[in-house]
Amino acid sequence: MTVEVELDILRDKFRELVTGNEKISDELINMIIQRKRSLEVDFHDILMFDKTLADLVIERPKQVLPEADKVVREIVEEKDPETARQLKRFYFRVRNPPLAVPLRKLRSEYIGRLIKIEGIVTRQTPPKHFLYKALYRCTQCGYEIELMQELERHVEPPAKCPRCGASKSFTLVTELSQYIDWQKVIIQERPEDLPPGQLPRSIEAVLLDDLVDTVKPGDIVALSGIVDLTLSELKKGRPPIVTSYVQGVHVETMNKELVEEITKEDEQKILEISRRPDVRELIVRSIAPSIYGYEEVKEAVACLLFGGNEIVYPDGVRVRGDVNILLIGDPGTAKSQLLKFVAKIAPRAVYTTGKGSSAAGLTAAVVRDKLTGEFYLEAGALVLADKGVAVIDEIDKMDAKDRVALHEAMEQNTVSISKAGIVATLNARAAVLAAANPAFGRYLPNRTVAENIDLPVSLLSRFDLIFVIRDEPREEFDSAVAGHILDLHSGKTPEAFRDVLRPDFLRKYIMYARRYVRPLLSEEAKERIKAFYLEMRRRYQGPGTAIAITARQLEALIRLTTAEAKMRLSPIATAEDAERAIRLYLAFLKSVGIDIESGAIDIDAIITGVPASRREAYIKVVELLKKMEEAEKGPVKIDKLKAEAEKLGIPPAEVQRIVDLLIRNGEAYTPRPGYIKRVT
């Protein structure tokens with residue numbers, strides 16, 4: 001049987017499939033109405049129709065799919081000649097082929113076959129144009145010849161004119177040649193599929209025509225495509241080694257949270273557990289049960305995992321629903337263990353450490369393409385953690401200039417970048433869980449939080465909750481911790497593991513809650529939060545006294561209340577949820593928001609780094625510094641500043657503290673040792 005006859009039979013089969021299957025013919029009518037070029041067909045439908053055809057689609061897609069494309073065009077021409085004339089090209093796109101290959105397992109046996117890969121898009125090139133039908137004209141006699149070009153091969157005009165025999169006389173007629181839009185994307189393994197300690201693998205995929213710009217960096221995609229080779233790499237004098245790429249046939253963006261499927265049995269079990277009266281205690285117990293104690297911290301972490309509701313006000317202002325938490329702890333208090341556990345259990349998480357991250361690595365980098373020399377964006381950790389959790393350990397070890405990148409991501413949930421002619425805003429709707437060590441090695445209770453931690457106050461104020469984990473010898477607690485750790489090491493099951501949810505099930509529970517539950521505040525909950533807010537505001541007795549709470553904390557309370565309700569999968573947040581949120585919030589205020597000297601709760605201790613009792617002294621020292629700078633016409637000697645301040649009744653130690661704070665906040669600097677100058 002000749003190839004032509006075989007192709008005719010093949011086309012007849014495809015025609016029978018498209019016209020005979022009701023689902024596919026409806027899809028075709030839809031495609032014509034929406035003026036699309038692609039007819040999407042599920043592989044399962046081809047298999048049910050004819051197994052031989054299905055095998056051919058998998059084994060020889062390069063020969064088979066162009067025939068199917070022709071059939072789609074013919075049928076569209078019969079049904080709607082006008083659309084066929086305007087759109088010219090049509091495609092038969094196969095989704096969900098059975099060969100789902102992990103990127104790590106992509107080997108030469110798959111070359112030329114139709115496979116499915118899943119991964120995260122890390123970068124893409126701008127759309128370009130692929131010359132697929134080149135028209136050459138002989139400069140001597142005007143003879144024209146049309147040649148089809150192949151992707152990833154060199155373009156070579158015919159060597160000799162068949163009419164007049166002139167050699168090297170052909171030139172490309174650009175306006176009469178035909179082009180298809182072309183784009184290359186890099187697909188990388190998802191962070192959760194990565195074996196520990198391995199570098200993520202990635203593959204290039206080429207998208208043509210209507211697939212161009214259907215995905216963007218940061219998306220998780222399922223791509224059906226043909227594995228092909230870059231033959232343009234075969235050059236004289238070079239070893240015959242070529243790289244593979246995937247030519248996209250069908251691409252779809254998977255919902256960022258639908259990484260794992262929740263089965264019917266899972267759903268029943270989730271709903272059953274949510275009806276337990278102690279469901280919240282159970283969830284809190286299930287978070288890192290190998291770490292003893294820290295119930296309040298674990299409950300806060302549970303709130304972070306479940307998250308609040310993202311709200312868009314009628315005027316278009318977006319308010320984040322993610323809860324951000326900072327843990328400050330003495331060395332050896334299991335902070336990193338807790339962070340690692342969260343990174344493992346969150347439906348989507350990216351774990352990074354402060355020392356190993358740069359601003360570009362956290363947000364987005366502008367990278368230059370080796371091949372074309374063009375600039376493009378590469379998504380960083382916060383963008384990859386979109387709709388998930390960004391876990392940052394040792395946040396205090398980050399360079400100050402890199403830390404600024406976090407400000408926008410934490411409050412606005414976006415990352416803006418303008419470099420090398422690229423101006424872009426990317427989504428980074430991630431909850432941030434960070435840990436830091438105290439600046440002096442251990443947390444000093446007689447100093448404010450801003451002094452204890454090497455972070456600017458502008459960043460501290462973006463955390464909804466800050467917990468100080470202190471390592472103080474307490475006999476009863478120490479004995480319990482020692483017993484717990486020794487049990488773990490001797491292979492016994494400690495008490496903490498008796499009634500807990502397994503990590504993989506807890507992950508599904510969190511996913512289910514995040515996907516389907518959006519609790520609304522009940523009237524009682526609203527009243528309770530309002531009463532607490534007003535009571536805390538009432539403590540303000542005029543200028544010079546402490547402010548206990550601001551509107552930013554009010555929003556944090558609402559987020560926490562919503563998250564507490566989500567843990568029960570409840571559509572309504574009750575007064576009890578609000579109570580629990582307030583309890584967590586008070587625990588945070590007691591640990592860090594207390595003015596050390598007056599003992600009053602003072603949110604300014606976190607927001608501005610200057611508690612009320614010191615604000616007076618702070619203002620006086622800044623004023624004095626300003627006057628002395630004007631008198632000296634330059635930097636002021638710190639000892640001289642201390643002497644002058646002592647006359648105003650401010651002790652030298654306090655002056656030194658204020659000088660340190662000014663330098664740390666970037667309001668002053670030391671031009672030479674022993675001198676200080678304000679930044680004007």
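In this predicted model, the largest nonpolar core comprises 102 residues, and Leu326 and Ile395 are the residues with the most contacts inside it. When residues up to four places away in sequence are not counted, Ile395 touches Leu326 itself, together with Arg403, Leu406, Ala434, Ala435, Ala436, Leu455, Leu459 and Phe463. Apart from this core lies another, of 31 residues, which includes Leu10, Leu39, Val94 and Ile226. In soluble globular proteins, nonpolar side chains tend to be buried together.

Across the whole structure, 5 aromatic pairs were found. In one of them, the ring centres of Phe532 and Tyr585 are 6.3 Å apart and the ring planes stand at 85°, so the pair is edge-to-face. Because Phe532 belongs to helix α18 (residues 523-538) and Tyr585 to helix α20 (residues 575-592), the pair ties together parts that are 53 residues apart in sequence. Phe532 is buried, with a relative accessible area of 4%, and Tyr585 is likewise buried, at 0%.

An open sheet is formed by 3 antiparallel strands in the order β24-β26-β25, with β24 (636-637) and β25 (668-669) as the edge strands, each pairing on one side only. Between β24 and β26 (residues 675-678) there are 2 bridges, and Lys637 has Tyr675 of β26 as its bridge partner. Tyr675 also has Arg672 over the face of its ring, at 4.2 Å from the ring centre, while the charged end of Arg93 sits over the ring of Tyr91, 4.6 Å from its centre.

The protein chain has an average pLDDT of 81, and 90% of the residues score at least 70. Over residues 595-599, however, the pLDDT is below 50, although this stretch has 13 contacts in the model beyond near neighbours in sequence. Where pLDDT is low, the predicted coordinates should not be read in detail.

Conventions
Residues numbered from 1 in each chain as written. Predicted model: local features only at pLDDT ≥ 70, side-chain atom pairs only at ≥ 80, totals over all residues. Heavy atoms only, no water. pLDDT = per-residue confidence, 0-100. Contact = heavy atoms within 4.5 Å. Pairing = 2+ DSSP bridges. Helix = DSSP H or I, 4+ residues; strand = E, 2+ residues; numbered from the N terminus. Core = buried A, V, L, I, M, F, W, Y, C linked by side-chain atoms within 4.5 Å. Buried < 20%, exposed > 50% of the residue type's maximum accessible area, 1.4 Å probe, protein only. Phe/Tyr/Trp six-rings, centres within 6.5 Å; stacked < 30°, edge-to-face > 60°. Lys NZ or Arg CZ within 6 Å of the ring centre and 35° of its normal.
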